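This report describes aromatic contacts and the exposure of the rings involved. The structure is shown first.

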Amino acid sequence: MYQLSFQSVVRLAALSAVVDAEVGKRAFDVFDFVDPLIGTINGGHVFPGATLPFGMAKAVADVNNPDEKQGGFASDNSDITGFSHMHDSGTGGSPSLGNFPIFPQTGCPGDIINNCFFTKDERASRRINGTVVAKPGYFAVSLNTSIHAEMTVTNHTALYRFNFPSNASAPTHQNQTTLPYSPLILVDLSDLPDSITNGVVQVNETTGRLTGSGTFSPSFGIGNYNLSFCADFSGAPLRDTGVWINNRAGSQPKMLKRMADGINNSPPLPAGAWTQFYPPPNNQILARVGVSFISVEKACQNAETEIPDFGFDKVRRAAEEAWREKLSVIEVDATGVSEELQTVFWSGAYRSMISPQDYTGENPLWNSTEPYYDSYYCIWDSFRSIHPLLTLLDPQSQTLMVRSLIDIYRHEGKLPDCRMSLCKGFTQGGSNADVVLADAYLKNITNGVDWKTGYEAVVSDAEDEPENWAVEGRGGLTSWKTLGYIPTDDYDPYGVGPFTRSISRTVEYAYNDFCIAEMAQGLGHMADAEKYIARSNNWKNMYKVDQISLVPNTTNFPNSTVDSGFVGFLQPRYLNGTFGFQDPSLCSPLYNFTSCYLNPDGHETYEGSSWMYTFFVPQDMATLITTLGGPEEFSKRLSYLHTSGLLYIGDEQAFLPVFQFHYAGRPGLSAYFSHFYIPSQFNDTLSGIAGNDDSGAMGSFTTLSMMGLWPVPGQDVYLITPPYFPSVSVTNKQSGKTATIKNVNFDAGYENIYIQSATLDGNPYTRNWITHSFWLGGGILELTLGRNESAWGTREEDLPPSSSTSG
């Protein structure tokens, strides 16, 4: 549709003219369809603040709602307690980061320092409705104190612009009972989860600079981490400085240490420092806050290097340009497509590039010339859609992330399944970094990647049980190798971890081993390939052929329990080979939904039911389909999973089942169920995602679904469904080639969602899947659509590959 790509516009236009150039060439500004506030209530936990793509510094207003502050800000009626500089996005459980929040006040009542508000509870302020503005690289909100706060970022530094009310009064002896105009900005030795133990803060009485450091705990892992900050100010003459503890402040001393005392634990004893100013001439004060995991000196260096002149608008423009460049690889013809769906698409692409975070140069744990990325939070979520999408849109960043994962193995001895704030995070299922590496290996992620060490890392997961498999690797490997499954009553004296999830761990370990086999074959390790292919069949050992399922409260029978009519499900199995019982619907939305979390009394599936996990055999769908009664019976069962209420699309394991109809020769049903969930569960409202965004997993699901080619993670397979647009194009940053998927007979009412025929570069194309070579080499895949399912993609030779059928 558009003759000049957005990438060309960015490169040719002057920085100040980027927006105008894009609007002029594209006929729309992509930022009009990026809404960072989607998912900021109702458990989405999305970070909506200012960040660069994969940036370490992430600035936003923090709120005090304990159920909604995981991303810092929430679009509810909670109070704002500060503005902090580092966050994760979309995580469940405990909040993370939010370290060293700052907070501005116009003045202290009576011009008495102790009349200012220092603790979180005292200073908590309402927002003014309608004042929140969230754009890529920028966030703003007004407090009910009439202070308007804006923020933007570089990679390690947050820059705030506080606009104070112009009707305040300068402090005089005559107005002691009014609110004098003498702004105060404090810093708090705290974080969002109140995990800080030891901390120190200091203020320079000459410059007003605030510096400090603290020791914190990760939100979903073990250990602790040290973080430092350095805050400088511009815009107003310095008046006074000091520290505060509990709810009292003073001008002396200029340094404060807060140690863990064993009593003030959660929350810790409030403490911090403050800087006070004379009235700013233009009613603005800028606060520049550098952060570092290395030292205070490094935090100051980061700030001074990245933002030497406090140029807020300049920094904001640079952040916007970074985001425009990342999104420029995608082109869509959006003719007839609603603004809602365009917003869902572009916002999903945006959220998929918030994490993992580039901490290169900020890792104090080891010396390395390799990149270091953090906030893999968690790979159990991200391997399914985030990393495959990044491979398409930003292969350079995905390459750096893969190199970082391999370097973590070099220095920690294992690949992570979850990692945040330099700490080991908890493993939720299998060793799913194996899938990330295999996916990258198969899709030409090669630049600087040491695949010899990468293969060594995945083999270590398969063969060597770590002492603590709760945070890395796999447990139960002796049983895995000898029995071919993880027993529910496993005897495992070789390591520690939660002895739960025997079903879900078995099917994930099986797929992990398949992915290792793919790498082994490509690297010429044929004996290994045969071994791991054999182990990838271990899912069969948990399948109980005669297990029935009585399902309560289904969509069609809301107040009764009915026989689903389907027989054969994964079930617990003991060391002696006998089967146990877990209701196949347990931990589905219909039955004890929240009882399968990562806790010692959890069940044999993780965050989902046996109904759902029975479908997780992406390595050999052909055998699974035969096992479940053949293509027709399989399609009925999979449809029942979606329509009965058994499946919760807000958990990432639910993504692949949307598209698994392809394997049964029913690609039209994959298209149907894609539209079944979008936009009903994913839309442009504040609560417009299902569940936690999990570092952008939900966003990447919508963007990939709407692009039309769903990647099977860990395989060189994309399942073809019609895009939600007349056409979608992606320019590959490795090859420079453009791949386009076009719809013929597209209708914006989405009645024509079934592929009747297809051509690839003008030649008939009958397979219902395609490989990464299409994205890498470019071309045009043209899909002719109709209102009914057709014979396209239904023949056995047109189905996606399975390990049992592809040799």
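A residue counts as buried under 20% relative accessible area, as exposed over 50%, and as partly exposed in between (1.4 Å probe, protein chains only). The model is predicted, so to speak of local features pLDDT of at least 70 is needed, side-chain atom pairs count only at pLDDT 80 or more, and totals for chains, interfaces and linings use all residues. Residues are numbered from 1 along each chain as its sequence is written, and side-chain values use heavy atoms, with hydrogens and water left out.

Rings of Phe, Tyr and Trp (its six-membered ring) pair if their centres lie within 6.5 Å; planes under 30 degrees apart are stacked, over 60 edge-to-face, and the rest tilted. The whole structure holds 47 aromatic pairs. Two of them are tabulated.

| Pair | Type | Centre to centre | Angle between planes |
|---|---|---|---|
| Tyr160 and Phe162 | stacked | 5.9 Å | 5° |
| Phe593 and Tyr648 | edge-to-face | 5.0 Å | 80° |

Tyr160 is buried at 0% relative accessible area, and Phe162 is buried at 0% as well. Phe593 is partly exposed at 29%, and Tyr648 is partly exposed at 28%.

Phe593 and Tyr648 link distant parts of the chain, 55 residues apart. With helices (H or I, at least four residues) and strands (E, at least two) taken as DSSP runs numbered from the N terminus, Phe593 lies in the loop between strand E24 (561-570) and helix H15 (610-613). Tyr648 lies in the loop between helix H17 (631-643) and helix H18 (667-677).

One aromatic cluster includes Phe100, Phe216, Tyr225 and Trp366.
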